[in-house]
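This briefing is meant to be read beside the sequence and the 3D view. Please keep both open while going through the points.

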Amino acid sequence: MRLALFDLDGTLIDSEAGIVGSIEYALARLGATSPPRDTLRGWIGPPLRATFPLALGDDPVAVERAVDHYRERFSEVGWREHRVYDGVGAIVDALAARGTRLAVVTSKVDLYAEKIVRHLPFGDRFARVYAAAPGSRDSEKAAMIARALADFDVAPDATAMIGDRHFDIAGAKANAVRAIGVAWGFGSVDELRDAGADAIANEPAELPGLLAHRA
């Protein structure tokens, strides 16, 4: 693989504290009941406008207010409330050292994605950060992967998308890119398998091997 595209939340970083804390803050500001934390973990990955209706119903005005409240907290403290998964930094460094080009493809909006990546200890290893538009209701993974292929001028069969949710796998499949799931994130192994992942890494140390060949 000449190009490796990494998801952010649930793949490079465990961002549950910042994301879930900001969701709970937003719902509390609206006087809405917050779902259990186990449920909110499943909200990590999809765009906020796709998940807030699960608690607020089909009320576009309330959803937009919730998004505003979420950003109020996330931009202040939530973006810092994450930890890098053990072993991920070493793998990113190793891939860069062997000449693999690296980029981040995330459904997180571009208001925060670039800032978070550049603050990671290994953030400078990523040549580009592809993130969702602020008003997006879609994960945009397929479109962002297509953009990365064009920007890096790399063929799909020399590219891999690495992520923890079915959106990552679907985006890879839409572009004929190798789809590698990771078992340590917010999705389940069953979710990744059902989405059609070509391979699943149980720990970061397995990634270089899975990226070394197509089949």
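Asn202 is exposed, with a relative accessible area of 53%, where exposed means over 50% relative accessible area, buried means under 20%, and partly exposed lies in between (1.4 Å probe, protein chains only). This is a predicted model, in which local features need pLDDT of at least 70 and side-chain atom pairs count only at pLDDT 80 or more, while totals for chains, interfaces and linings use all residues. Residues are numbered from 1 along each chain as its sequence is written, and side-chain values use heavy atoms, with hydrogens and water left out.

**Asn202 and its surroundings**

- Asn202 lies in the loop between strand E8 (199-201) and helix H11 (207-211); helices (H or I, at least four residues) and strands (E, at least two) are DSSP runs, numbered from the N terminus.
- Leaving aside residues up to four places away in sequence, Asn202 touches Ala183 and Trp184, contact being defined as heavy atoms within 4.5 Å.
- Between Asn202 and Leu27 there are 34 Å in space, C-alpha to C-alpha, and the two are 175 residues apart in sequence.

**The chain as a whole**

- The chain contains 11 helices and 8 strands.
- Its radius of gyration is 17 Å, close to the 17 Å that the globule rule gives for 215 residues, so the chain is as compact as a globular protein of that length; the radius is taken over C-alpha atoms, and the rule is 2.2 Å times the number of residues to the power 0.38.
- Taken along the principal axes, the box filled by the C-alpha atoms of the chain is roughly 50 × 30 × 30 Å.
- Of the 215 residues in the chain, 53% are buried.
- Among the contacts in the chain with a separation of 6 or more, 65% are between residues 24 or more positions apart.
- The chain exposes about 9,100 Å², and carbon and sulfur atoms supply 49% of this area, as computed by the Shrake-Rupley method with a 1.4 Å probe, where for residues only the protein chains shown count as cover.

- Strand E4 (residues 101-109) has 8 of its 9 residues buried, so it is largely enclosed by the rest of the structure.
- Strand E1 (residues 3-6) runs parallel to E4 and is joined to it by 4 bridges, two strands being counted as paired if DSSP finds at least two bridges between them; the partner of Leu3 in E4 is Arg101.
- E1 also pairs with E6 in the parallel sense over 4 bridges, and the bridge partner of Leu5 in E6 is Met161.
- In a regular strand the side chains alternate between the two faces of the sheet.
- In E1, Leu3 and Leu5 point one way while Ala4 and Phe6 point the other way, and all are buried.
- E4 pairs with strand E5 (residues 128-132) in the parallel sense over 5 bridges, with Val105 standing opposite Tyr130 in E5.
- Together with helix H7 (residues 113-119), E4 and E5 make a right-handed β-α-β unit; right-handed here means that, with the strands pointing away from the viewer, the path from the first strand over the helix to the second runs clockwise.

- Asp7 lies in the loop between E1 and strand E2 (13-14), and Asp7 is buried, with a relative accessible area of 5%.
- The side chains of Asp7 and Thr11 make a polar contact of 3.2 Å; a polar contact is a pair of N or O atoms within 3.5 Å, where within protein one must be able to donate a hydrogen and the other to accept it, and residues adjacent in sequence count only if both atoms are side-chain atoms.
- Beyond residues up to four places away in sequence, Asp7 touches several residues, including Val105, Lys141, Met161 and Asp168.

- Arg49, in helix H3 (residues 48-51), is buried at a relative accessible area of 11%, and a polar contact of 2.7 Å joins its side chain to that of Glu64.
- Val63, in helix H5 (residues 60-76), counts as buried at 3% relative accessibility.
- Not counting residues up to four places away in sequence, Val63 touches Arg49, Phe52, Pro53, Leu56 and Gly57.
- The C-alpha atoms of Val63 and Val105 are separated by 25 Å, the two residues being 42 residues apart along the chain.

**Helix H9**

- Phe167, Asp168, Ile169, Gly171 and Ala172 are buried in helix H9 (residues 166-174).
- The cover over these buried residues includes helix H8 (141-152), strand E6 (159-163), strand E7 (178-182) and helix H10 (189-195).
- Ala176, which follows H9, has a positive phi, near 60°.
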